[in-house]
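Dear colleague,

I am passing on a structure for you to look through, and my notes on it follow below. Please keep it open while you read.

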Amino acid sequence: MSGSGEAVAERTHSEAAAAQREAAGARGEALETLHRVFGYDAFRGEQEAIIRQVLDGGDAVVLMPTGGGKSLCYQIPALVRPGTGVVISPLIALMQDQVDALRALGVRAGFINSTQDLDQRRTVEAELLAGELDLLYLAPERLRVEATVALLGRARISLFAVDEAHCVAQWGHDFRPDYLALSMLGERWPDVPRIALTATATRATHQEITQRLGMPHARHFVAGFDRPNIQYRIVPKNDPKKQLLAFLKEEHAGDSGIVYCLSRASVDRTAAFLCDNGIEAVPYHAGLDAGTRAVHQSRFLREEGLVVVATIAFGMGIDKPDVRFVAHLDLPKSVEGYYQETGRAGRDGLPSTAWMTYGLQDVVQQRKMIQGSEGDDTFRRRAAAHLDSMLALCETADCRRGRLLQYFGQEAVAPACGNCDTCISPPETWDGTVAAQKVLSTVVRLERERRQKFGTGQIIDILLGRKTAKVIQFDHDQLSVFGVGDDLSEGQWRGVVRQLLAQSLLAVEGEYGTLVLTPASGSVLAREREVRLRKEPEKPVAARAAKSERKAKAAAADLPQEAVPVFEALRAWRGRQAKEQGVPAYVIFHDATLREIATVRPASLSELGGIAGLGEKKLATYGEGVLEVLADPGAAEPA
Ligand code: ADP
Ligand code: ZN
């Protein structure tokens, strides 16, 4: 090796050592930032490893369930690395809240989006170029504008975070075409680390994210997907609005929650129905004007105990910690969608419920929708596969949580979780082969009358031997199957038909939902296979077991008695602060923080600083106020 070669080697060596020292320093800084800014003691789960990867300049793909703590994974590196962290997020309507929450922590955050006027945008641009921003939020469509790319080109960028990264996946349920253009980030800024984050995690989606964002060298971090504090329940649908009302009154009176419906019309009807019955509810769907949607979303974030009835247009990125329930009145289109939506409950880790009503009509309707859709064959096959997985979850007699985790490619911790309806009250299964044969042979006989189309109702009437006008009109009382099904009730027959549809032993056709055989039906008719069915519960799973498991809903539950008035006084004080500043209460302090303060009752600012969730800025802003409340809790006026 020549002398100059050695010199180069030496320099490289010392540069590497310097880089290593710098990296070690940055890691120490990460922990220090966690304490100082966020007021937390320690990293959770994989946070530390993810942050280290990004601090070291590498790319990361992060799959973590809702509430797992994804935000810190890019916020801390953005604070530690020189320059501005650019966060790509599709949620324009939430950017203001996100930025407000960060500013309350003393983080220099800003956003650029279409809700701003020119002056506001100019101010943020100037801050960015002057190096005065730690974090900048942008919607993906912004990056299609050359001027934005040029602006970023003139700024110093510490990292790119692609939030809600599953939006790039066409296989997923939230696809947004603008995300496809994000692969340009790696080409245009090869030296800037990128971190993609999502709470959606099937293998297919995971692969698509990595490939489409162009992150072949990224390290992958896959957290456990279980949300043990969420109780999953799927109940047979009879009278969904009434069932919902009973569920809310018995288990979630006064709680915040989200009710999902498939159509805008049913959103409006359900919201009105809840209001008529004394539950404060607002609708949210794409048919409402932007102003109304913004007001309803903002009320949901700011008020306690408000119910939002919504289509799937609502909820992504909502980081309200105390959503106590998510209810589905209609069947979601995929397990991924279902898991995302239910995941919005209980981010604070307290007991919450994911509750759904599901019935025959859901299956018929969705199968019809897929057939009638405009998409090509590939699209239809995907949609059908998604639906099949969702139906399998609904019809399973096994632990729902186990099924969900399996779907995401993860092992369940135990064979039964003890916190889902099938665990709490295990459904019986029965040999439904003969019943299935009865239904299928009726369908065969009706299929022969090609000119006429008959749905489930006619088939059940025939099986039960009912001489309705329509039965007599078509001489169906002359069929050999007429009346062969009087061993089961109408409800039970509907259950049989539903499960045959779910298992693809029956199919629906055309706009009337005519029942037809499938390639698999033959083996049942030929007695070549057994059909196991889930017994329809006489009554839905009693809330009894559920209820005793549940902690009382009030945020003050479980506090030592003497801490309760202090906690309430702190809450009242927090409510006033939030109102004055026009931010959600949890931006000031989370319930968990107030609970700890009320229990510990710190006597000085330095003691107060030891509470989780109280960083430097919040201590400076609110410390004195909190100590005043603690000194005389009785003096605080109710909010
Ligand atoms: P996600 O984006 O994954 O849904 P968040 O980033 O909103 O989750 O975090 C969920 C909650 O957990 C937030 O209230 C956050 O402040 C809290 N949190 C995150 N990391 C920590 C930590 N290391 N220690 C304590 N609390 C944390
Ligand atoms: Zn279970």
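Where helix 5 meets helix 6, the residues Glu-125, Leu-128 and Leu-129 of helix 5 are in contact with Leu-151, Leu-152 and Arg-154 of helix 6; please bear in mind that this is a predicted model. Two packed helices are described by the angle between their axes and the distance between the axes. Here helix 5 (residues 118–129) and helix 6 (residues 146–154) pack at about 30 degrees, and their axes lie 9 Å apart, while the crossing of helix 5 past helix 6 is right-handed.

The other part to look at is an open sheet of six strands, which pair in parallel and follow the order 8-13-12-9-11-10. Which strands stand at the edges? They are strand 8 (230–236) and strand 10 (281–284), and because each has a single partner strand, one side of each is left without a neighbour in the sheet. From one strand to the next, the twist averages 15 degrees.

Strand 8 runs parallel to strand 13 (residues 352–358), and seven bridges join the two; Ile-234, for example, has Met-356 in strand 13 as its bridge partner.

Two helices also pack on the sheet. Helix 10 (residues 264–276) touches strand 10 and strand 11 (307–310), and its direction makes about 175 degrees with that of strand 10. Helix 11 (residues 290–302) touches strand 9 (257–260), strand 10 and strand 11, and its direction makes about 135 degrees with that of strand 10.

Key:
Residues numbered from 1 in each chain as written. Chains lettered and ligands numbered in written order. Predicted model: local features only at pLDDT ≥ 70, side-chain atom pairs only at ≥ 80, totals over all residues. Heavy atoms only, no water. Pairing = 2+ DSSP bridges. Helix = DSSP H or I, 4+ residues; strand = E, 2+ residues; numbered from the N terminus. Axes fitted to C-alpha atoms, helices over the stretch in contact; angles between N-to-C directions. Contact = heavy atoms within 4.5 Å. Left-handed = near helix turned anticlockwise from the far one by under 90°.
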